[in-house]
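Subject: Handover of a structure and notes on it

Dear colleague,

Please find the structure for your studies below. I would ask you to keep it open while you read the notes that come after it.

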Amino acid sequence: MNTAARFFVGLNLGVNACWAFVPPASMEIKTYHTLTDSSRKPFGSSFEKFQLEVSRSTLKSSSLAKKKLFGPSQLFAAVLDGTSSAVNEDDRSDSVNVVLVTGFESFNRDLYEQAGAIVPVECKLNLQVFADSDIRTTNEGINENFANAVKNADAFIGSLIFDYDDVVAISSMLPHVRGPRLIFESATELMAFNRVGTFNMQSSGDGPSGPPPAVKSILKKFSSGKEEDKISGYLKMLKMGPDLLKFVPGEKASDLRTWLEAYRYWNQGGMNNVKAMLQLITQKWLLENENGDLEKVSSLELPDLEITPDVGLLHPLLSNYAANPKSYVSWRLSSECKELAKQQKFKLAPNDAPRVAVLLYRKHVITNQRYIQDLIRYFELEGIVPIPVFINGVEAHTIVRDWLTSQREIDGVSKGVISRDSTYKPNEATSVDAIVSTIGFPLVGGPAGSMEAGRNVDVASQLLKSMDVPYVVASPLLLQSIPMWKSNGVLGLQSVVLYSLPELDGAIDTVVLGGLVGDKIALVPERVRKLCSRLKGWIDIRKTPPSERKVSIMIYGFPPNVGAVGTAALLDVPNSLENILQRLHREGYDVGDFATNQDACGESLVAALTIQCENSVIAAGADRMQCAIEQRMERARNGDKTVPETLARPGGGLGRATVRGVDMSFDELEKILGKFMTKKVRRAWSEKERGPGINAKGEMVVSGLQVGNVWITVQPLLGVEGDPMRLLFERDLTPHPQYCAAYEWMRLPQERGGVGTQAVIHLGMHGTVEWLPGQPLGNDRQSWSDELLGGLPNIYIYAANNPSESILAKRRGYGTIVSYNVPPYGRAGLYLELANLKDLVNEYRTVESANGRSDLKEAIFATCEKCGINSDVAVPFNLSELSTISIDVFDEWIANISNYLVELEERLFSSGLHTIGRETSDEELSSYLNAYFSNKLSEEEIKNAITAWHQKEKTNHSHSFLSWIQDFAHNFMGDVINSKLDA
């Protein structure tokens, strides 16, 4: 069945429906689909409901009918008043009406329908299957067919339902379901509606919620005792819980056993297990309600559970599932695997290739979703050894913790600086170079951990920190079709699953691997190659010795030709650049003589880069730039005040940095950019308007300074002078040719004449590569940031106070964000004329004589005009009226002026610029604390806090200033509250 993809805001887009089977006699199955002309635009389309009915081997199609729409205010009334019924009352009395909502698993609609078709006819099942896209209509109302189905339902089954609006809609209708309500792995608000007989999960009501005490004691045995393991322990309990509950007396335990049995069938998946779950539910309903042929119904035996391992590893060449990563790797590197590959003409990655753990949905594996096998094949083709581990989704952190390790972790454990968790299984674990999760959601808890975002971030962070390998989330879209993604980007709930929640754990470089085609999940091979290239980028530089690593540092120069080269918001770029090079030197990187040359400084590097950005220098070409810099150095030594004085130092203060650049023709650009993207550039930028960075010969000039293995350059301008933001608003435009050339030449290997950069650092807030034309979220092949960055690791140094734009750099620009703090805050205070105005106002208020006040009126008014305050504080009179204005009116205006001056005086502002790599002084710490607490701290409290900071710094080198000030604030506020309570 094809199903509809869904917008988070409630827009339902459908595609043509088809029927895959004919059910047996006495079986009625109704399935509803949203039918939409695929040629229509996604917004503003009219939607009609298409109903397919199949009864007794006869396929019937009803005519298209206009839907009723239910708005929020009509929600309950629509369910209760019975104005429209999708199921005939006579039919309902003779059948068990079951509504099943597939949630994220619309691709399993066929499976559920076919499973329903083979349930014994004695169960009188009337199954209606809905995808999450069928729940609501385009105007945020409830789909009439869905509302009527739930209204008349004897049982409800739902899984993987997380969309907020869907949760609200379903929650409003579930109380009217007459019989069992089974909600699996969905939003906690929905899970609370679980009910089978006397067992329920409600937190309040007529009786106690949850299982009885004896059962609770049994359930505790399946958890390790760790908070983060409760959900995965719960899945272990599913295997044995129903059998153990046979021995627990009481109706509630029996009903809980039924719920667990149903969940166990659903969790194991596959057609026969789903059929058994449906049979279990309908049998119980018929027997309890004495409906149908009770003798035949009670004599029906439930099929045995078909068990698939909860976790395991798979490969297209492997006939069975591997039990653990260690045994899988042993097989994968064996001669047996090579022989199988040879026989089946299956290309394997070399045994010494990078090894990447890939976390997969178990449900997708056991339902034979083709993309799983394709994904493994693509990894092998791209030269990566995949270690594909399938999981239910909630136990991802246990796989990372217990089954995976890294060389860094192994070394740390041997040195005694890292301690592993007691649950680690050395005889089953293997070392990996990276982790890819196709699950999304939080690492701890998966879908079940998403309702309390960030709750277990510390657990996830500690696991990933210990391993210290890239953690990437990459997955096909399960809620959007590929065309919808291509036209609108990643939307709504899908963006939360794929980006927002995993990013809290530290996921980087998210790649959309494909999406829905009808009801099936399909990969886009080019996107899988993109994922592999980014993984290999991170892994390659980590495996390269530091002294051989090639790094580029990109600074900014916007707006052009106004001395802005080497600037960034709230950051001292020259000194930060200098400190970064010093740190790289200490870490073993080759930075030439810069770190050891006492005359070398960041100011000189920025000055030399500024010269390279001058139009006259660019016109002469890259070959003449070294000469242009040396000429400025000579002028500086001769006392020319128009040249930065640091260029007068020996060697110009450059630490023997030299120009490295290229003059590139369009044909040369095409060879490295490719014909497809170059054609788009040629079309957007004619020969008469090639944009900035073009020399006198019409070639693109790319240049920078080479300092050892570090290449420092200025990011190309975004657009053309006079219209710098043009690129942001013309979606059909491309980056100008020189912009493309700069990034392509930076990535081009040295053996092909390029810089051969292995990683780039964008220094400061902010650059422009993340703002280039392309998808708003979820890069594709035609997104320019995706093209120009390629597989290059991007370390983006960004101000901590701007998360909204840094997240754009992270998502569209593949930026791994390194935050820098804002400069110390201080109080603005009053100065010059403002301070004089404050004195005049205070004097006016203290003068008692009318003559004295009259003399001050004109002075106050004139000073306000001079300072521009009259434009901020309304003046209820003119200068000519000063002598006649009433005292009350003037005094009220004076009060407003006084309040305005107090506001100005107390206003916070950033004092200076932040410098990366420089320790925060005690004076700056004091300024931060005073600003943070509005001068409520005493000098003694500030002194003690700073002392505590220094002590913690000595014992914890990774302790950040921001975390310290937050901890201090929390403790301080706690002390204040406690003191008030004590009082």
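This is a predicted model: local features need pLDDT of at least 70, side-chain atom pairs count only at pLDDT 80 or more; totals for chains, interfaces and linings use all residues.

Residues are numbered from 1 along each chain as its sequence is written, and side-chain values use heavy atoms, with hydrogens and water left out.

The chain as a whole

The protein chain contains 37 helices and 31 strands. Here helices (H or I, at least four residues) and strands (E, at least two) are DSSP runs, numbered from the N terminus. The chain has 983 residues, of which 55% count as buried; buried means under 20% relative accessible area, exposed over 50%, and partly exposed in between, with a 1.4 Å probe and protein chains only. Among the contacts (heavy atoms within 4.5 Å) with a separation of 6 or more, 72% are between residues 24 or more positions apart.

How many disulfides does the structure hold? The number is zero, a disulfide being counted as a pair of cysteine sulfur atoms within 2.5 Å. Cysteine 532 is buried at 0% relative accessibility, and cysteine 740 is buried with a relative accessible area of 0%.

Two pairs of helices

Helix 32 (residues 832-846) and helix 34 (residues 887-906) have axes that come within 10 Å and cross at roughly 140 degrees. Axes are lines fitted to C-alpha atoms, for helices over the stretch in contact, and angles run from 0 to 180 degrees between N-to-C directions. Helix 32 is therefore oblique to helix 34; angles under 35 degrees count as roughly parallel, over 145 as roughly antiparallel, 65 to 115 as roughly perpendicular and the rest as oblique. The crossing of helix 32 and helix 34 is left-handed, a term used if the near helix is turned anticlockwise from the far one by less than a right angle, with right-handed used if clockwise. Residues making the contact include Leu834, Leu837 and Val841 of helix 32 and Phe890, Ile894 and Leu901 of helix 34.

In the second pair, the axes of helix 26 (residues 666-673) and helix 27 (residues 675-684) come within 7 Å and cross at roughly 140 degrees. These two helices are likewise oblique to each other, and helix 26 passes helix 27 in a right-handed crossing. Among the residues in this contact are Phe666 and Leu669 of helix 26 and Met677 and Val681 of helix 27.

Helix 5 (residues 164-173) is largely enclosed by the rest of the structure, because seven of its 10 residues are buried. Val167, Ala169 and Ile170 are among them. Aspartate 163 caps the N-terminal end of helix 5, with a side-chain oxygen 2.9 Å from the backbone nitrogen of aspartate 165. This is a polar contact, that is, a pair of N or O atoms within 3.5 Å; within protein, one must be able to donate a hydrogen and the other to accept it, and residues adjacent in sequence count only if both atoms are side-chain atoms.

Leucine 160 lies in the loop between strand 10 (155-159) and helix 5. Its phi is positive, near 50 degrees, and leucine 160 is buried at 6% relative accessible area. Most residues other than glycine have a negative phi, and most peptide bonds are trans. A cis peptide bond joins methionine 765 and histidine 766, with omega about -15 degrees.

A polar atom of its side chain lies 2.7 Å from the backbone oxygen of arginine 812. Leaving aside neighbours within four places in sequence, serine 785 is in contact with Val769, Leu772, Asn779 and Arg812.

Arginine 853, in helix 33 (residues 850-867), is partly exposed at 22% relative accessibility. Its C-alpha is 9.8 Å from that of isoleucine 887, which is 34 residues away in sequence. Beyond neighbours within four places, the contacts of arginine 853 include Tyr844, Ile887 and Asp891.

Yours sincerely
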